[in-house]
Amino acid sequence: MPTLDRRQFLKLAAAMGATLAWSCSTLRPSASGWRERRELYPHGVASGDPDANSVLLWTRRPYDDGREKATLLVEVAEDPGFMRVIATTAAPVLAASDWTCRVLVADLPAAGEFWYRFVDEAGNGSRIGRTLTAPAPDDPRPAKFAFVSCQSAPEGAMNAYRRMIWEDERAAPDERLGFVLHLGDFVYEVIQTPDQVKDGHRYDRKITFPVSYKHGRKVANDRFTVPGSLDDYRALYKGYLVDPDLQDARARWPFVCIWDNHEFSWLAWQSIMSFPGEGEMPGQKLKVAANQAWFEYQPMRVTAPGKPLDRFDAPVVADVAVTEFDDAGLGLEPNNLAAIESLIVYRALRWGRHIDLILTDQRAFRGKDYSNDEKLGALFEGVPYPFFPEALSMQVDSGREYAGGHPPAEIVFGAKSIPNYRIDGPPQSMLGAKQKAWFLERLRNATATWKIWGTSLGTHDQRVDPQNLPEGFVPKDWPKWTDGYAVQSNGDWGGCYHERGEIFDTVRDHGITGFAILAGDLHSFWAGYAAKSLPPHGKFEPVGVSFVGGSITSPGGQEAQEHGNKKNPLRKLFIADREDGSMEPTMNLLLNHGVRSALEYAESGDLTAAHAVSNPELAPHLDFVDLGGHGYGVVSVDANRMVTDFVCIPRPIERAATPDGGPLRYRVRHDVSLWSAGERPQMRQLLLEGDASLST
Ligand SMILES: [Fe+2]
């Protein structure tokens, strides 16, 4: 990595909308007169996107005396007592940026630990934050980080962060986390107002109201409220950042964040929004607003292409219907392009010799999801199964490329068929052409031991085998499932077969080893392999390993099923209701072993018997599924191994009363040795504490 000089850093800082703080040649004790006044910095401090000689710092210091601008002093020290101050600078805070402050501290030593704080003109100081710089690119020492996602603040407590802090504070210095990778849903823009919450609860969770919108819009038949302005998106971050556990986590480690859907809009793709019961609507103005708030509140190395920013330079856009698309599904309408390109968050980071972290954006450039098409309705009339046929999922994904470029003229399900509306269409794209080209190039050129792809969306096929349901299990008036494998969901990379195949083929064809995927979104823990196909459609030939981390707070599939329709004839495939009123998640077995295992366990409660009737063809790509897991993942890497621990906490309904964040449900390890080109990755599973037996 070339070392930049001060002038180049100045340019870089300006391009990231940050003030530059350059390290001093001699270390001195602080002379700022800092007196801590946390209440004047109500959203804490944060740092982000460290590299080997710089890191971004953040705070927010609001004023309500009518001024438009103020100046803060930033101090960065090598010790928490600020006796060895290594960098200081004056940084503006502007009303126009909602009083947020971004500072790039540069010329720091690699693999360093630093403390930082902000002071206003009257000596009023922020809390003290701690941050780290990355090890140099040739640093051979082992590295460690955590990955998280999905932290709906109104629905739960962020005990996972409390546990993470507790363990890190007690770890030996070389065993501590280097950064926290946040894979999206840092905030949920869909909120409920008190009148929209039935009995004050969702499931067993008491709903709180940390966020309110001035310009909120009621959607989905008045079930939810969504932001209507930039101020509303800003209010969302402010509502979340007063959470003490989240705030302490941001003050302890640098974060590396990408977004998923909820940083903008639940069901949106590009700038196109939609809500249940409402059709698609253009959302260019709100997309720009969401991007601006993200930029102001997340200290990340992100820019608008070709436009140096000294603050977020919001393009003026109009909400115009998007009707023309390129071959990768990109909406060519100029306001759509201006909105989605107003902030580019896909990027790569290097951490020592062993980590190339490549982060992609699955929302701003993705094409239409063809599996939602209304035309499919005719096939599924009177079909009560909650599954989607796998072959059909592949057919609508791949369009004209399906079946080696010879798609059938019809889409068939059971005895019904419709014309193949995807026969001439391009395959679905999650990344868009430009990002995909960038991503594949970064992958091919990655030189670290482990090439880690951070994606908000998981890559595993979520497959089930309803063709194996025993005779007499479904009601007599249901049609028999005759269409082979099905998928439970196909909204993520698991249903984006064609593009996922291109990525995995690149890994294979270029002999890339140490390829590992980390994802969020599913509110559940998954461990397994990166494979483009499964039998009987193709051979299972994994090119890497793939993990999904449980949510910090957001409810997962198991919780939804527990509270779902208890009279559902298929209920035993998801939940086993025990006589004492307890419930067990057979749905983990359903995805990992198949319908026979799920039913056997529901009937007998005998896990050995359930595993004995496992369908070995169903999920060779999965080693672990827990659809009720919350918590976080911890990844440790060195020259030979990647060790991924799932740290699972009980359902985070209440804030933990103890400083350790409460008990653990389990800690399970997946240990992978580095493989050679052409070899298959292999993971070994080890239960370190607790019970995770239904997940394996
Ligand atoms: Fe989520």
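A residue counts as buried here if 20 or more other C-beta atoms lie within 10 Å of its own, as exposed if 12 or fewer do, and as partly exposed in between, with C-beta atoms placed from the backbone. Keep in mind that this is a predicted model, where local features need pLDDT of at least 70, side-chain atom pairs count only at pLDDT 80 or more, and totals for chains, interfaces and linings use all residues. Residues are numbered from 1 along each chain as its sequence is written.

Seven of its nine residues are buried, so helix 8 is largely enclosed by the rest of the structure. Those buried residues are E390, L392, S393, Q395, V396, D397 and S398. Their cover includes helix 9 (402-405), helix 11 (497-509) and strand 23 (410-413).

Now zoom out. An automatic or database assignment sets the domain bounds, and the chain splits into domain 1 (6-137 + 147-345) and domain 2 (370-652). Their C-alpha centres lie 31 Å apart. Across the boundary, 27 residues of domain 1 are in contact with 28 residues of domain 2, contact meaning C-beta atoms, placed from the backbone, within 7 Å. Helix 2 gives the most to domain 1's side of this, with five residues.

Notes. Two residues are in contact if their C-beta atoms, placed from the backbone, lie within 7 Å. Helices (H or I, at least four residues) and strands (E, at least two) are DSSP runs, numbered from the N terminus.
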